[in-house]
Amino acid sequence: MCLAVPGRVLDIEERDGTRMATVDFGGVVKEVCLEYLPDLRVGEYAIVHVGFALQRLDEESARQTLELFAELGLLQEEFGDPWEAAAADAAGSEPVEEVHNQ
Amino acid sequence: MKYIDEFQDPELARRLLDDIHATVTRPWALMEVCGGQTHSIIRHGIDQLLPDKVELIHGPGCPVCVTPLEVIDKALEIASRPEVIFCSFGDMLRVPGTGRDLFQVRGEGGDVRVVYSPLDALRIAQQNPDREVVFFGIGFETTAPPNAMTVHQARKLGIQNFSMLVSHVRVPPAIEAIMSSPSCRVQGFLAAGHVCSVMGMGEYPELAERFRVPIVVTGFEPLDILEGVRRTVRQLERGEHTVDNAYARAVRAEGNPAARAMLEDVFEVTDRAWRGIGVIPQSGWRLAPKYRAYDAEHRFSVEGIRTQEPAECRSGEVLQGLLKPHECEAFGTLCTPRTPLGATMVSSEGACAAYYLYRRLDMPATKAQEATPVV
Amino acid sequence: MSDTTDLPVPALDVEAWTCPAPLRDRPRVVMGHGGGGVLSAELVQQIFAPAFGGEVLAQMGDAAVLSLGGARLAFSTDSYVVRPLFFPGGSIGDLAVNGTVNDLAMSGARAAYLSCGFILEEGVGLDVVTRVSEALGAAARTACVEVATGDTKVVEAGHGDGIYINTAGIGLVPAGVDLRPERVVPGDVVIVSGAIGVHGVAVMSVREGLEFGVEIKSDCAALGGLVDAMLAVTPDLHVLRDPTRGGLAASLNEIAQASGTGVVIRERDVPVPPAVANACAILGLDPMYIANEGKLVAFVPREHADAVLAAMRAHPLGADSVIIGEAVEAHPGMVVARTGLGGTRVVDLPIGEQLPRIC
């Protein structure tokens, strides 16, 4: 249900009163409707589904996730679970039994 | 492609797999409710690489597969009319209705066109003012905002010759229905990442609590899926049942507010029949009364539809995770991607098609041989 | 219609996508019969072969290899119905030459002469016919093949989609060359001559409903010279195929089934240009099933593999050649891929899943 692909905004224009963007998907360029992401700027990334940008891609979050994957297994013995450690840092205390965002 | 390639890294996949292998001590049954995730799992061989104790049950996450037979038959009827240009996503063209599919309607002279985006269908309506353009608006919550915007645009621009045949489905009621079934074996869910990009995560804590199942919002690349499994297994091993976001780069807790506002405006919740499963209350969206003029069901009175599913088709049991595709008697013989009995064999992430296309090697030899087509 | 730009861009056509229903269920021709996959094969098996008979036809090779007056000839025909007529990197004229030249090359033959039949739609601009003819002529000169004879017919407006072309070609097969899938044995090495999916994506990028901007030009090219370079290493190659409709997956499956061997390929070794991979990602397509018009796949005896690969890489059309797998004894008739993660999946015959999808 969810074939949505990340792309980078090249330029933005109004067409028929609709906010449209030219988006670059790694060398493939397509027109995309930007109405659902009114704050998205040129140079930023979004996931695109059937010609619509649906959510901004968070660079920092992606980087952190990959870093944590890389640390898997290495930190385990010394420092315990890297996710719990990061969550504890973020929350300022022990992880809480609610929605985690990592 | 950025944000794709990094999340396919085999070395990182290995580490995630090692962690899962090290964590699991008991058998667990997890379900993913997204056709795109099913496709990714099978296509990359993730299910083969997970420990035997972790079972992945493929849920009804393929909107193509669950679109009710009656709606398909209505689509076929409308598409057959000479004044109609019928536009659809490619996925729907080969889904069998009662006795035929959209491809066949095309062969018989119907003007059936594949489009990438619903906006393309609107453009076709503007370019063909003397024809009636109908768009087949199916999908989960990910596709609903594009379809909603298109209807909204049609109304705003005063385009008269456009309408949409709507059959949207929602994930949370499906999870509820699955977990309420007495034969349910599911102990944890991988929630659909892009659905949550739109809707946020607010509908899931109540389900996690009521049924005591961990629900982990999961992406689509191999590392995303492995991480979703890893976090779900970890919760299960610890006896936890919370909602967790393993796809943070594309999912915020509140989802996309602009999209949700449009959905509120254009659609209203309705009961919906899921092909192979039955009616799940409040599990679908239809056009709100304000947009009735753009509702194809309203515009084209489609009478006398008598639906008939092939008796041998057990796709409903497959969709609920009660039957593995190759356990069905018709699998690979009567029912193949070329001659599908039900929708799960048509769509490439329907479980039956996925098993047929990618997994024949793992099946008992006789089943695999029957299933291999001879050219 | 006076200019290509005025030609109506047709609604999405399904050149590489087959309709799934079997022939026996319906009495009419459907688009899938031209798809090059399972339905096309049925048409040949159920209607044409019984009607024509003949031993040569029964071999079902891409080109027929004939004995005539002491010479071994390869003889092949192909029809070109592509839309649009002009696409990035080529035109129907280039395809009409290179397609047939390549069919002959897959039998080891250097195409010597072509015939060329045009079916023109009433009302097509003569400037369009000129452009196509000039492209065809240029392609023939590049391929060192001569158009020796031809024919022209005109059909009423509304029947021809502009221009259809049929070409047939003949060439001599060198002594000692016997290229057929039946020659494949477990242990043979599978080599592909370069990046896949290029032609299909180039054509898709200009089709209505899917337009996207991409720096991909069709790889349409004549492969006779590349094949000569390979045969110069050894005439004892086992089989060559040009993966056109249905892509690499179709060719590998046809060879596996005809030879009765299994085929294993390693996904990470199959070369796919990033723009092709990304275009496929957007549409939900698999590059393995996308058409190529200037590539070949070869099954080579293991002892010659390195030398043949080197010869291919030394040729301009084979510079990116790479070994992607081998023929094996296991799972006869089936093509299996080792995924990037180390799992396995069957690579099936294309049967219509190549429609753009949203899931």
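The largest nonpolar core of this predicted model has 266 residues, and those with the most contacts inside it are Ala53(A), Cys87(B), Ala191(B), Val97(C) and Ala279(C). A nonpolar core is a set of buried Ala, Val, Leu, Ile, Met, Phe, Trp, Tyr and Cys residues joined through C-beta atoms within 7 Å; buried means that 20 or more other C-beta atoms lie within 10 Å of the residue's own, with C-beta atoms placed from the backbone. Helix α16 (residues 351-358) of chain B gives the largest share of this core, eight residues. Apart from neighbours within four places in sequence, the contacts of Ala53(A) include Ala21(A), Val32(A), Leu37(A) and Val48(A); a contact needs C-beta atoms, placed from the backbone, within 7 Å.

Because the model is predicted, local features need pLDDT of at least 70 and side-chain atom pairs count only at pLDDT 80 or more, while totals for chains, interfaces and linings use all residues. Residues are numbered from 1 along each chain as its sequence is written, and chains are lettered from A and ligands numbered from 1 in the order in which they are written.

Helices (H or I, at least four residues) and strands (E, at least two) are DSSP runs numbered from the N terminus, and two strands pair if DSSP finds at least two bridges between them. The table lists strand pairs.

| Strands | Sense | Bridges |
|---|---|---|
| β5(C) and β7(C) | antiparallel | ten |
| β5(C) and β6(C) | parallel | nine |
| β10(B) and β11(B) | antiparallel | seven |

In chain C, Leu114(C) stands opposite Gly169(C) in β7(C), and Phe118(C) has Thr152(C) in β6(C) as its bridge partner. Between β5(C) and β6(C) the chain passes through helix α4 (residues 126-142) of chain C in a right-handed β-α-β crossover: with the strands pointing away from the viewer, the path from the first strand over the helix to the second runs clockwise.

Chain B has an open, mixed sheet of six strands in the order β4-β3-β5-β6-β11-β10. Its edge strands, β4 (111-114) and β10 (267-274) of chain B, each pair on one side only. In β11(B), Gly278(B) is the bridge partner of Trp274(B).

Chain B is divided into domain 1 (5-63 + 171-245), domain 2 (67-170 + 279-296) and domain 3 (315-357), with bounds from an automatic or database domain assignment. The C-alpha centres of domains 1 and 2 of chain B lie 31 Å apart. Their contact takes eleven residues from domain 1 of chain B and 13 residues from domain 2 of chain B. On the domain 1 side, α9(B) supplies the largest share, five residues.

Definitions and conventions
Buried ≥ 20, exposed ≤ 12 C-beta atoms within 10 Å, placed from the backbone. Contact = placed C-beta atoms within 7 Å.
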